Every structure is written in structure tokens, then in C-alpha cells.
Amino acid sequence: MSLPTSNTPLADLADDLRKTGFTWLLVKGILGVILGLILFLAPGIGGTAIAIVVVYSLAFWLILDGIATSSLAWREKREGLKGWGWALTSGIVSIIAGLLAVIFPVSTGAFMGVLFLWFMVIGLIGRGIAALGDRSLGGWSIALGILDIIIGIWFAVALFTDPAGMILAALWVAGIYAVVFGIASIVLAFKVRKAA
């Protein structure tokens, strides 16, 4: 993907995105990989610790991701670019999902993470739908949107059929997803930085 280089508002936004977008994408990617590793280690820690680790780790990541996405959406809006509303919606959905997880940690732990997993289902599907309309990252937005929707639907089906077994499986799936998403964000960060 080649970003504009002439002296236009779009070129200025592209230059700004190269500077700040690189940092946000890199931070999101590193946090995603760390979160994934925490989720892989969590089953050995114990039931209560799993709930605490999962709730606060994912909540922190969702809130940070939502702030980063919303910030980039406002930049797009200031430059008059189309599609900024989808990115803003995606950011708001992430922030709300993260805040709900922080507000209801006891319920989440008491129900063995099922409540949080439903927030995650809603957040994943909502983010996925919003990402499908966001064309700022080209094919990456669509690919990550489709991945969010597929994993969200899979989580929903598994929660209906086997809620207790879903908790452990969800930790592994969420860990894999977080690591893959984190690596993709890190790769994308360097692509944005190198874009001319």
C-alpha cells in the first residue's frame, strides 16, 4: 500500500499516521502477544486467578485498543476522509467491552468467565462488522474483521453447547487469537512506517 507523498491534507494525514500509527500499532501488537502468552499460562494458575488474569488483561487491552482506534478515527474525520465513523464505532465498542469487563469482574469470576466471554463475543462481532466498513488499512481491515466475526460466532456457539468446557477452550483460542492479532499488528506497524 502506497501512501500519498505530496503536500495535501491526505499526505499530511499519511505522514502523521506513519509516525503515530506505527507506535499505536506496535503497542497494540506487543500487548496482543503478551496477552496471548498470559492466556496460555493461565490454566496452570488456578480458577480464581484465571478469572482475574483474563478479565483485567483483556479489559486493559480492549480499552487501549479502543482509545488507539478512536484517536485514529478522529484524525481521519479532521482530514475529511470517508469511513472514519466505522473506525470510531470499532474503537467505542472495544472501550465499552473493556469497561464492562472491569465493572463486572466478580460476576465474571463467579460464572467462570461466561459473562466475560459473552462480552467478548459481542465485542468481536461488533468490531468485525465495524472493521468490514473501515477501508483505511485496505485488505487488513477486511481480513481482521472477518476473523473477528468468525471467532465471535464460534465463541457464541460453544457457549450455548458447553459453557463449562468453553472456559478452558476459550483461553486457548483467545490466546492464539491474541498472539496472531499481535503479530499481524506488529507487521502492519512496520509496513505503515516503511510506506512511502
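This passage describes the predicted model of a protein, from its overall make-up to single residues.

Residues are numbered from 1 along each chain as its sequence is written, and side-chain values use heavy atoms, with hydrogens and water left out. Because the model is predicted, local features need pLDDT of at least 70 and side-chain atom pairs count only at pLDDT 80 or more, while totals for chains, interfaces and linings use all residues. The term pLDDT stands for the predictor's confidence in each residue, from 0 to 100. The mean pLDDT of the protein is 76. A value of 70 or more is reached by 74% of the residues.

The protein has seven helices and zero strands. Here helices (H or I, at least four residues) and strands (E, at least two) are DSSP runs, numbered from the N terminus. From that terminus on, the elements run α-α-α-α-α-α-α. Helix 3 (residues 84-103) has the highest mean pLDDT, 85. Helix 4 (residues 105-110) has the lowest, 59. Where pLDDT is low, the predicted coordinates should not be read in detail.

Of the 196 residues, 43% count as buried. Buried means under 20% relative accessible area, exposed means over 50%, and partly exposed lies in between (1.4 Å probe, protein chains only). Contacts were also counted, a contact being heavy atoms within 4.5 Å. Among contacts with a separation of 6 or more, 71% join residues 24 or more positions apart.

Two helices were compared with their expected span, which is 1.5 Å times one less than the number of residues. Helix 3 has 20 residues and should span 28 Å. Its end C-alpha atoms are 28 Å apart, so the two values agree. Helix 6 (residues 139-161) has 23 residues and should span 33 Å. Its end C-alpha atoms are 33 Å apart, which again agrees.

Both helices contain buried residues. In helix 3 these are Ala-87, Leu-88, Ser-90, Gly-91, Ser-94, Ala-97, Gly-98 and Ala-101. In helix 6 the buried residues include Leu-144, Gly-145, Asp-148, Ile-149, Gly-152 and Phe-155.

Gly-66 in helix 2 is buried, because its relative accessibility is 0%. Leaving out residues up to four places away in sequence, Gly-66 touches Gly-91, Ser-94 and Ile-95. Gly-91 and Ser-94 are among the buried residues of helix 3. The C-alpha atoms of Gly-66 and Ala-87 are separated by 9.4 Å. Along the chain, these two residues are 21 residues apart.

Arg-127 lies in helix 5. Arg-127 counts as buried because its relative accessible area is 12%. Apart from neighbours within four places in sequence, its contacts are Asp-65, Thr-69, Ser-90, Val-93, Ser-94, Asp-148 and Phe-181.

Trp-84 belongs to helix 3 and is partly exposed because its relative accessible area is 25%. Beyond neighbours within four places in sequence, Trp-84 is in contact with Ala-73, Glu-76 and Lys-77. Its C-alpha atom is 9.0 Å from that of Ser-70, 14 residues apart along the chain. Trp-154 belongs to helix 6. With a relative accessible area of 39%, Trp-154 is therefore partly exposed. Trp-154 touches Met-166, Ala-169 and Val-173, not counting residues up to four places away in sequence. Trp-154 and Val-121 are 33 residues apart in sequence and 8.6 Å apart, C-alpha to C-alpha.

Val-187 in helix 7 is also partly exposed, because its relative accessibility is 37%. In sequence, Val-187 and Gly-29 are 158 residues apart. In space, their C-alpha atoms are 8.5 Å apart.

A search of the whole structure finds one cavity of 30 Å³ or more. On a 1 Å grid over the protein atoms alone, a cavity is a set of points where a 1.4 Å probe fits but cannot get out, and lining residues have an atom within 4 Å of a point. Points are joined across faces, edges and corners, and the volume is the space filled by probe spheres set on them. The largest cavity holds about 170 Å³. It is lined by 13 residues, and Trp-61, Leu-62, Met-120, Leu-124 and Tyr-177 are the closest to its centre. Helix 2 (47-78), helix 5 (114-133) and helix 7 (163-194) each give two or more residues to this lining. By class, the lining has ten nonpolar, one polar and two charged residues. Ala, Val, Leu, Ile, Met, Phe, Trp, Tyr, Cys and Pro count as nonpolar, Asp, Glu, Lys and Arg as charged, and the others, Gly among them, as polar.

Definitions and conventions:
1 Å grid on protein atoms, 1.4 Å probe; cavity = no way out; pocket = protein on both sides within 12 Å on 5 of 7 lines; lining within 4 Å.
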